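Please look through the sequence and the model below, beginning with the ligand and its surroundings and then turning to the backbone.

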Amino acid sequence: MDKNILRSLSYGVYAISTLDGDRPVGCIANSTMQVTYDTVVVSMNHDNFTHECMEKTKKFAISILGEDIEMNTIAFLGFQSGREKDKFEHIETLTIDNMPVIKNSVGYLICEVIDKLDTETHTLFLGKILDGAVLDDTKTPMTYAYYHKVKKGNSPKNAPTYIG
Ligand SMILES: Cc1cc2nc3c(=O)[nH]c(=O)nc-3n(C[C@H](O)[C@H](O)[C@H](O)COP(=O)(O)O)c2cc1C
């Protein structure tokens, strides 16, 4: 199989956040999509701390990142683990429905985990959308292609799209 064809699938870039007790935790996930009018799915690697916390809280927020997102925010959230670091120390958040949301984002969805499907490496979390809002309609939501081509970003091995 030509694995390069997988690079032709389109995505956005999102911050998935939840809580570890009272502490905000989360990571970056491109593999987020709307499934029905009020459900979304997120593919989360088993090794991500966010996975463990989503299983416990059964709730998560999706912050839709814009093209203007600071690469530092992606670095904090997408290239280190909340197990060792307090990632949100330097990222401004809003608390919506008890969930941390990235302030500098296009908007957010607040979801309740209503089902899961396991693969060898990732769990698909099915979330029912409880709430959502646009925070800044002047921002353009960032596509995964823009992240790679314009922002010159990379994806770590826990991203489902990683090609070793
Ligand atoms: C652009 C980008 C896209 C990513 N997409 C996903 C994804 O869809 N699913 C996933 O499990 N990890 C994805 N990751 C990797 C996680 O963000 C990364 O493993 C993170 O360090 C996990 O942090 P945690 O241990 O605090 O949860 C992505 C990372 C980046 C930078």
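Which atom of Gln80 lies 2.8 Å from an oxygen atom of the ligand? A backbone N or O atom of Gln80 does, a polar contact being a pair of N or O atoms within 3.5 Å. This is a predicted model, in which local features need pLDDT of at least 70 and side-chain atom pairs count only at pLDDT 80 or more, whereas totals for chains, interfaces and linings use all residues. Residues are numbered from 1 along each chain as its sequence is written, and side-chain values use heavy atoms, with hydrogens and water left out.

Side chains also reach the ligand: a polar side-chain atom of Thr50 lies 2.5 Å from a ligand oxygen atom, and an N or O atom in the side chain of Lys87 is 2.8 Å from an oxygen atom of the ligand. Taken alone the ligand exposes 660 Å², of which the protein buries 97% (Shrake-Rupley method, 1.4 Å probe). The shell around the ligand holds 28 residues, each with a heavy atom within 4 Å of the ligand, and its largest share, four residues, comes from strand E2 (strands are DSSP runs of E with at least two residues, helices runs of H or I with at least four, numbered from the N terminus).

Turning to the backbone, most residues other than glycine have a negative phi.

Methods: A polar contact is a pair of N or O atoms within 3.5 Å; within protein, one must be able to donate a hydrogen and the other to accept it, and residues adjacent in sequence count only if both atoms are side-chain atoms.
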